[in-house]
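Reader: Could you walk me through the strand and helix packing in this one, with the cut-offs spelled out as we go?
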There are 2 protein chains.
Amino acid sequence: MGDIVDQLTQALGADVVTAGPDVDKRYHCDWSAIDPVQPKALIRPRSTAEVSTALRLCHTAGQAVVPQGGLTGLAGGATPRRGDIVVSLERMAGIEEIDKVAATMTVAAGTVLETAQRAADEAGFLLALDLGARGSCQVGGNLSTNAGGNRVIRYGMAREQVLGLEVVLADGEIVTSLNKMLKNNAGYDIKQVFIGAEGTLGIITRATLRLHSRPLSRATAFCALADYASVVGLLRRMQSELGGISAFEVMWHDFYDFIANHPTTKQKPLPDNYPYYALVEFSGSDPDHDLNRFEALLAKAMADGAVVDAVVAQSEQAARDFWLIREGHGIDTKPLVINFDVSLPIADIDSFAAECRAALSAKWPDSLNVFYGHIGDSNLHISVMMEGYGSEVMHEVDAVVYQAVRAMKGSVSAEHGVGTLKRAYLGHSRGAAELSVMRRLKQALDPKGILNPGKLI
Amino acid sequence: MGDIVDQLTQALGADVVTAGPDVDKRYHCDWSAIDPVQPKALIRPRSTAEVSTALRLCHTAGQAVVPQGGLTGLAGGATPRRGDIVVSLERMAGIEEIDKVAATMTVAAGTVLETAQRAADEAGFLLALDLGARGSCQVGGNLSTNAGGNRVIRYGMAREQVLGLEVVLADGEIVTSLNKMLKNNAGYDIKQVFIGAEGTLGIITRATLRLHSRPLSRATAFCALADYASVVGLLRRMQSELGGISAFEVMWHDFYDFIANHPTTKQKPLPDNYPYYALVEFSGSDPDHDLNRFEALLAKAMADGAVVDAVVAQSEQAARDFWLIREGHGIDTKPLVINFDVSLPIADIDSFAAECRAALSAKWPDSLNVFYGHIGDSNLHISVMMEGYGSEVMHEVDAVVYQAVRAMKGSVSAEHGVGTLKRAYLGHSRGAAELSVMRRLKQALDPKGILNPGKLI
């Protein structure tokens, strides 16, 4: 038989299997860059059949397997442990079909998100999934982590874009379920189990995605608000009176103050003395009236005090500049930055921010903590910037933030996933019965535990 | 110990448990009225704890349990077999909370859909789930069957409205996962497993639902079109240029001809000599312009020949009259009506209708077969009307229709579920590997097979 790497090489060829010492460092960890490990081998299959062969052999051998997409995750979900074999989907890339009548596209799992977005656009549609890593992340990874991003408020998470999946199970069985229908209640909707499972229940090899109409207009504003109630009020008013709000990004004063005054920021859209800021994007279908309606609503909101200051982007460049502020480039210039991706009921986000900020400042008075997020999706990001500490402080900071999340019944992972980094905190957001159901699903689909062990659950 | 009914009565009281002979006939079957059976007993719990107690005892005894909601299903999914115990959720009704900031509502599973819709409306929101049975169906049943309905094209299926669930597992364990966050990737999204499982994996006891903004305008038109390509073209054009298409209901000539000329129909919106008809509803947020935009688009479509005739409802009553046509009330006056709820890739629906019509007419030349459906959702309904046959012909008609569905890779159940009626045909739409995953999930969550046995899988 030989060892598992020999078996894989014999079955798949030396072109597909790379032995550990020859594996390029980029397969040693994800973008978190935490704890890189050289895997036992790297497999780069060219087809679903090759994924199946690889898993069948690994399953028989009890060999742990770590699926990898574009490696843009931040939770360690695609990082191998010592002795693991990595399966990269990068060679299984390409748009297999765009069905313009059904408004669907079928892509191989290794397709880079931006490639899929462009193909949809060229066919006259919108692939609504979008996130900062679009140029590197792969669709299979997006679905395995149920990626979120900027447009969730309008179009939903990655899950909502999926109509059909092809998945290879732990034992190598290929489950092809490439449905194109919006309505299909023929039995359990099994694709749901694999979406967001971080590669622990199967390896996604192909997907059929739903496409949307492309928006025909876009308007973007940067607003200042006096209190959190006004922030939520503006969100609901815009959703009701405009429809089609495609982003509603909120920045607490600490975030705006830091970014707007950072040396890399060219221009502040608004003064830095307001308590809250919101970047609002409206995508419509009526180019003749949409900008007028957007500006009229903002003028009314300013007249009645709901918005205290606002500027509407007069060009695409101006809108991009607003987004540069929100993307918070400046934060990454600090020596130690610990980023969080949590969610809370919308009503509680502001008091959570206050409590969390107080707890962090009490313990680390010189830390700089900034709060921002996709509030309409319940999603808050926190960046904790520190100087003069080693990386061991990260676990202490995690404990403080996740304790605050637990106390307010929030989620330790809104959109980034659990991976290895948040695994210890999963019980902060899920009860014993929920965890027990998760374990039953894992046991049912991967009884030998070879798929991405040590991740998520 | 006594028998299981005695045990249940002792644990829950005679007010909760009704022995078989005393069980009202309405619990003997669903709206399909097929094969009614008196159950061994009826349990009507008042709380999740009582559901848990009932399941714990039944699990120990290996007693089969059939969950019942509003009994408006058409697939036999809530009909007991001889010896089954029915658990009705009807006493667990009520709106527990509306969170206006989060835009969510939490309801008990037995809440009638229309009650929940009204409560959402009174709070200033839209509960987007809507179907004909709204006055009788219950939210728990809607979620267990992943109900579809009229607004799926805009807001998605029942699944898309669910943020959190409470479920009682087969062994009585209560899994409370009443999440309010739009983004929550803390582990597997276990609620997805129970949605659409038709009560075979757990009993849903509570749900947290997402609410949407209420539309501020509505425009409805009845259009005639020359060919199927024009039908799909109009759908995509309206979605792109109007946004917010909330219904797009297509009627083939045979359907319109039958209904428009039926004695119970007061008025035809359009002459009956066109090949296709579409009822189109646009829900917008700009009352000042929406009707004008809608009429302008229709005028343009008529000018360039995409639409051959159209009438726009000038009052709410006129819009309701259009819907009465689509609801096809004359169909139920025929002695034997066999209704189908299938889905197909949108590009294939018209050729499917032609092939299916030909196959039915070849075998039963005097049958009257009409085709209609939610085309934007890939969903086609078929009503086969026959005279002079016994109900045994139903199985033969099923076989013809589902064979045509299989040949075109469609789904034997778009929105009505599988229940008992379509169970034999599940393999027409799902492959061996998909069915194997379903059985693994069933085995993982209900290893003794006590939950709704004989249904779905």
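This is a predicted model: local features need pLDDT of at least 70, side-chain atom pairs count only at pLDDT 80 or more; totals for chains, interfaces and linings use all residues.

Reader: OK, in what order do the seven strands of the chain A sheet run?

Author: The order is 15-12-14-13-17-18-16, in an open sheet with antiparallel pairing; strands (E, at least two residues) and helices (H or I, at least four) are DSSP runs numbered from the N terminus, and two strands pair if DSSP finds at least two bridges between them. Strand 15 (309-312) and strand 16 (336-343) of chain A each have a single partner strand, so they stand at the edges with one side left without a neighbour in the sheet.

Reader: And which residues of strand 18 of chain A point which way, and are they buried or exposed?

Author: A:Asn379, A:His381, A:Ser383 and A:Met385 point one way, while A:Leu380, A:Ile382, A:Val384 and A:Met386 point the other, and all are buried, where buried means under 20% relative accessible area, exposed over 50% and partly exposed in between, with a 1.4 Å probe and protein chains only.

Reader: How many bridges does strand 18 of chain A make with strand 17 of chain A?

Author: Strand 17 (residues 368-374) and strand 18 (residues 379-386) of chain A pair over seven bridges, with A:Leu368 opposite A:Met385 and A:Gly373 partnered with A:Leu380. Strand 16 of chain A pairs with strand 18 of chain A over eight bridges, and there A:Ser343 has A:Asn379 as its bridge partner.

Reader: Switching to chain B, at what angle do helix 12 and helix 13 of chain B pack?

Author: Helix 12 (residues 349-363) and helix 13 (residues 393-407) of chain B pack at about 150 degrees, with axes 10 Å apart; axes are lines fitted to C-alpha atoms, for helices over the stretch in contact, and angles run from 0 to 180 degrees between N-to-C directions. That makes the two helices of chain B roughly antiparallel, given that angles under 35 degrees count as roughly parallel, over 145 as roughly antiparallel, 65 to 115 as roughly perpendicular and the rest as oblique.

Reader: Which residues meet there?

Author: Among them are B:Phe352 and B:Leu360 from helix 12 of chain B, and B:Val397 and B:Val401 from helix 13 of chain B, contact meaning heavy atoms within 4.5 Å.

Technical notes: Residues are numbered from 1 along each chain as its sequence is written. Chains are lettered from A and ligands numbered from 1 in the order in which they are written. Side-chain values use heavy atoms; hydrogens and water are left out.
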